[in-house]
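Trainee: I would like to learn how to read a few features of a protein model, one at a time. Could you take me through them slowly?

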Amino acid sequence: MKISILGAAGSIGQTLSLLLKLYLPEGSKLYLHDVKPVMAGLALDLNHIPTNIEVKSFVGENPSPALKNADIVIIAAGIPRKPGMEREDLFKINANIILNLTKQIALTSPNALIGIITNPINTTVVIAAEVLKHYSSYSRDRLFGITSLDIMRAKIFVSEMKEKKLNCINVPVIGGHSNKTILPLLSQVINVDFNEQEIIAITKRVQQAGSEVVYAKAGSGSATLSMGYAATCFCLSLLSALKGEDNILEYAYVEGDCKYAKFFTQPFIVGKYGIKEYKKIGPLSKFEQKKLENIINYINQDILLGEIFVKEFFNNK
């Protein structure tokens with residue numbers, strides 16, 4: 001299997017590269033791209049780790065050499081959040097980065113599974129979809145906004161509050177990937193009961209967890225280590241599915257069954273060619289149903305923003 005990481009020199013990209021170097025199946029290829037000249041040193045550094053994973057680096061404005069014959073492409077390029085910034089504030093810069101990189105993916109490796117980390121995910125995934133459509137290489141089953149970190153955070157926060165072992169807890173998280181659109185489904189946590197105050201507190205903390213890290217780092221970055229780990233786990237799930245493993249359940253921000261919004265974080269089963277079955281989100285509590293109604297409005301605004309951005313770009317060419 002060949003995995004390409006675009007934006008590999010960034011904090012998330014380096015963490016992701018390191019973890020994949022450690023955990024990819026033997027014989028896999030890891031191709032790393034960035035515009036920063038540090039790339040040769042990064043690859044050399046990783047190749048001093050004794051695993052049978054081939055690591056190659058590529059630098060420059062054109063990522064095509066790193067993309068050729070890729071099975072999975074992870075986009076980690078873009079600027080991170082700083083204190084006082086919302087994910088939406090990143091839009092102007094990161095939107096252009098996603099547009100240009102997705103164009104190269106469409107032209108070089110149109111059949112790859114694509115995972116996007118770059119914020120604001122609610123919009124960058126839409127931009128990628130519209131660009132892929134423009135180049136006739138879009139499949140809703142192969143494009144993912146990686147939101148696994150929201151699930152990991154929810155799991156940890158419930159474990160801490162309820163003093164339960166982590167391996168006994170599973171918290172579905174749906175909606176989007178911004179403060180206003182993340183929705184943990186605490187009503188679906190098995191063998192754990194919550195009172196109203198606990199539900200409100202955990203929901204708010206999961207929604208604000210990214211900002212919590214941004215402020216705690218005091219201007220030096222956002223959630224990079226945990227995001228790198230979350231992206232690694234998602235990438236390994238995709239790899240297992242590509243190798244033929246069955247019944248791999250994942251959550252991501254995708255163009256799914258469109259029951260709630262055109263793009264939405266929901267569960268699905270991933271297979272050899274991407275998503276093979278979209279799953280229902282299950283029953284919701286009254287609190288969750290009310291939250292979901294508000295969330296949909298924000299997600300639809302984010303989707304429209306991405307669609308307009310791409311439309312204006314191609315109209316102005």
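Trainee: How many aromatic pairs does a search of the whole structure find?

Mentor: Rings of Phe, Tyr and Trp count as a pair if their centres lie within 6.5 Å, and in this model, which is a predicted one, the search finds eight such pairs. Take Tyr 31 and Phe 58, whose ring centres are 5.3 Å apart and whose planes stand at 45 degrees, a tilted arrangement. This pair links distant parts of the chain, since Tyr 31 belongs to strand E2 and Phe 58 to strand E3, 27 residues apart. Both Tyr 31 and Phe 58 are buried.

Trainee: Why is the pair of Phe 144 and Phe 268 tilted?

Mentor: Planes under 30 degrees apart count as stacked and those over 60 as edge-to-face, with the rest called tilted. The planes of Phe 144 and Phe 268 meet at 35 degrees, with the ring centres 5.7 Å apart, so this pair is tilted. Here too distant parts of the chain are linked, because Phe 144 lies in strand E6 and Phe 268 in strand E10, 124 residues apart.

Trainee: Are Phe 144 and Phe 268 buried or exposed?

Mentor: Buried means under 20% relative accessible area. Phe 144 has a relative accessibility of 0% and therefore counts as buried, and Phe 268 is buried with a value of 0% as well. For contrast, look at Ala 216 in helix H7, which counts as exposed because its relative accessibility is 67%.

Trainee: Which residues do ring pairs link into a cluster?

Mentor: Ring pairs join Tyr 135, Phe 313 and Phe 314 into a cluster. A ring may also have a charge over it, and in this model the charged end of Arg 205 sits over the ring of Phe 157, 3.9 Å from the ring centre.

Trainee: What lines the largest pocket?

Mentor: A pocket can be read through its space and through the residues around it. The largest pocket holds about 840 Å³ of space and is lined by 42 residues, with Ala 76, Ala 77, Gly 78, Ile 79 and Thr 118 nearest its centre. Helix H4 gives the most to this lining, with seven residues, and by class the lining has 15 nonpolar, 19 polar and eight charged residues.

Trainee: Which helix gives the most to the lining of the second largest pocket?

Mentor: That is H6, with four residues. The second largest pocket has about 320 Å³ of space, and its lining divides into ten nonpolar, two polar and two charged residues.

Terms used: Residues are numbered from 1 along each chain as its sequence is written. This is a predicted model: local features need pLDDT of at least 70, side-chain atom pairs count only at pLDDT 80 or more; totals for chains, interfaces and linings use all residues. Side-chain values use heavy atoms; hydrogens and water are left out. On a 1 Å grid over the protein atoms alone, a cavity is a set of points where a 1.4 Å probe fits but cannot get out, and a pocket is an open set with protein on both sides within 12 Å along at least five of seven lines; lining residues have an atom within 4 Å of a point. Grid points are joined across faces, edges and corners, and a volume is the space filled by probe spheres set on the points. Helices (H or I, at least four residues) and strands (E, at least two) are DSSP runs, numbered from the N terminus. Ala, Val, Leu, Ile, Met, Phe, Trp, Tyr, Cys and Pro count as nonpolar, Asp, Glu, Lys and Arg as charged, and the others, Gly among them, as polar. Buried means under 20% relative accessible area, exposed over 50%, partly exposed in between (1.4 Å probe, protein chains only). Rings of Phe, Tyr and Trp (its six-membered ring) pair if their centres lie within 6.5 Å; planes under 30 degrees apart count as stacked, over 60 as edge-to-face and the rest as tilted. A charge sits over a ring if NZ of Lys or CZ of Arg is within 6 Å of the ring centre and within 35 degrees of the ring normal.
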